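The exercises below ask the reader to work through a structure step by step, with a solution after each task.

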Amino acid sequence: RLDRVLRSSRLAGAQVGIMVRDAETGEVLYARGDEARLIPASTQKLLVAAAALGTLGPDYRFRTTVLTDGKQQGDTLAGNLYLKGTGDPTMLPRRYEELAATLASRGIRSVEGKLIADDTWFDDERLHPDWSWMDVSSSNAVEISALTVATGQDLDTGTIIVEVRPGAAPGAPVRISLVPQTDYVTVENRAVTATAGAAEDIVIERRRGTNRIVVSGSLPEDSEGTGEWIAVREPTGYAAAIFRDALARRGIAVRGETAFGSTPGDAAVLAELKSPRLAELVIPFLKLGNNGIAEILVKAMGREVRGKGSWQAGLQVVEQYLASIGVNVATLRLRDGSGLSRLNLQTAGELTWLLFAIQHEDWFPSFYEALPVAGPPNRMEGGALSTRLRFTAAQGNLRGTSGTLPGVSALCGYVTSADGHRLIFAVMINNYVGPPPRSVEDAIAVALAEFSRWPGVGLRFR
């Protein structure tokens, strides 16, 4: 049946790697092109999630700390205020408000010195050199820093939401708002309101190398509005700006300027927040395919294990973990954590081995529960697979992840067959022409969900 599926004209001229294993024994049930090195796209995140849980541990938490090198004299802090991050991807604006509230509860109303943002837990390489310049304005390719701001419950780090609504009448400028509201970025409004029923034609983009966001095009007057997550340039400064605004709202005035620097070793802690456990963070990471969290985890592994928060150090940790569970790392090339790089290479065979081997780890239930489930419309259950494989034997059954780049598509994970056996599978397709061949991937998934070693036993129909 899989042979028939793979004869699809959608795969003409494409490279295909596929492997299916029995999840209990690791037995290979089907393989084709399983040793071919292919671009994995977002299935790269499975390697990072497993390595992070295996090295940092499921109880690992990020920390964001406010410290000072001065002394409090009445309601005045005589010294500098340091905001030190370790990469926490859950630092929503309200969490900076919490830090400011703690300082206010100490009776602080004035800071004589500077607000110094300390992002030295990671290196200063913000964008991966492999990433396309076409992506760096979008939330897909955010700048990576140890200090950042997450926007919304999806935890899109280093981004700001630009919301656009119709103006008062046709011909009037559209109305634009930012979430969170901040002066750290500027908005140039070139968009106008169109008559009711007109096509929506809004373009929102950040000018490269700046924090100037340009909104152009038109929005019909009967539109409910639109919006977009835009990557912010220099997330360290963004975090400091959001924190400074939070301090002001709590009645705390910082007399000095905002600067970047390192926290003195003898600085006193004034406030600290910890992230949820890593076992909880892998849920938005894998369910939603969050690129920023992927890269933060890579740099966090590098810092914790090798003392350097860089892509190179972090990926060495990933490779070391993969080798420890029997993955043949000689078949892989790891360049980033999210899978945005087109220089990443994996094989379907080693990917299925990874998914087989980690079943024996204590943290595997957390990993498994974090995988998107085919079919459910709830994004925090179905995630990237919420619209796929509905009304098939794979709905509510298959747990896995997908990956997509131009000319790259993949689907892999776990699915239970009709006779009750859990199967592990990986399908990787490169160099196709046209839209992603998801129909082929879905047909493979359904074939596995309907598979039985004993024909006629346990068949399910929908």
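**Exercise 1. Decide whether strand 11 is enclosed or open, and find which strands pair with it.**

Step 1. Strand 11 covers residues 159-165 and is largely enclosed by the rest of the structure, because five of its seven residues are buried, where buried means under 20% relative accessible area with a 1.4 Å probe and protein chains only. Strands here are DSSP runs of E with at least two residues, and helices are runs of H or I with at least four, each numbered from the N terminus.

Step 2. Strand 11 runs antiparallel to strand 17 (residues 226-231), to which six bridges join it, and Thr-159 stands opposite Ala-231 in strand 17. Two strands count as paired if DSSP finds at least two bridges between them.

Step 3. Strand 12 (residues 175-179) is also antiparallel to strand 11, with five bridges between them, and Ile-176 in strand 12 is the bridge partner of Val-164.

A note on the source: this is a predicted model, in which local features need pLDDT of at least 70 and side-chain atom pairs count only at pLDDT 80 or more, while totals for chains, interfaces and linings use all residues. Residues are numbered from 1 along each chain as its sequence is written, and side-chain values use heavy atoms, with hydrogens and water left out.

**Exercise 2. Describe the surroundings of Thr-263.**

Step 1. Thr-263 lies in the loop between strand 19 (258-260) and strand 20 (268-274), and it counts as buried because its relative accessibility is 15%.

Step 2. Leaving aside residues up to four places away in sequence, Thr-263 touches Leu-67, Tyr-82, Lys-84 and Asp-118, contact meaning heavy atoms within 4.5 Å.

Step 3. With Asp-118, the side chain of Thr-263 forms a polar contact of 2.7 Å (a pair of N or O atoms within 3.5 Å, one able to donate a hydrogen and the other to accept it, with sequence neighbours counted only if both atoms are side-chain atoms).

**Exercise 3. Find which element gives the most to the lining of the largest pocket.**

Step 1. The largest pocket has a volume of about 840 Å³, and of its 37 lining residues the closest to its centre are Ser-42, Asn-140, Gly-289, Asn-291 and Thr-404. On a 1 Å grid over the protein atoms alone, a pocket is an open set of points where a 1.4 Å probe fits, with protein on both sides within 12 Å along at least five of seven lines, and lining residues have an atom within 4 Å of a point. Grid points are joined across faces, edges and corners, and the volume is the space filled by probe spheres set on them.

Step 2. Strand 21 gives the most to this lining, with five residues.

Key:
Buried means under 20% relative accessible area, exposed over 50%, partly exposed in between (1.4 Å probe, protein chains only).
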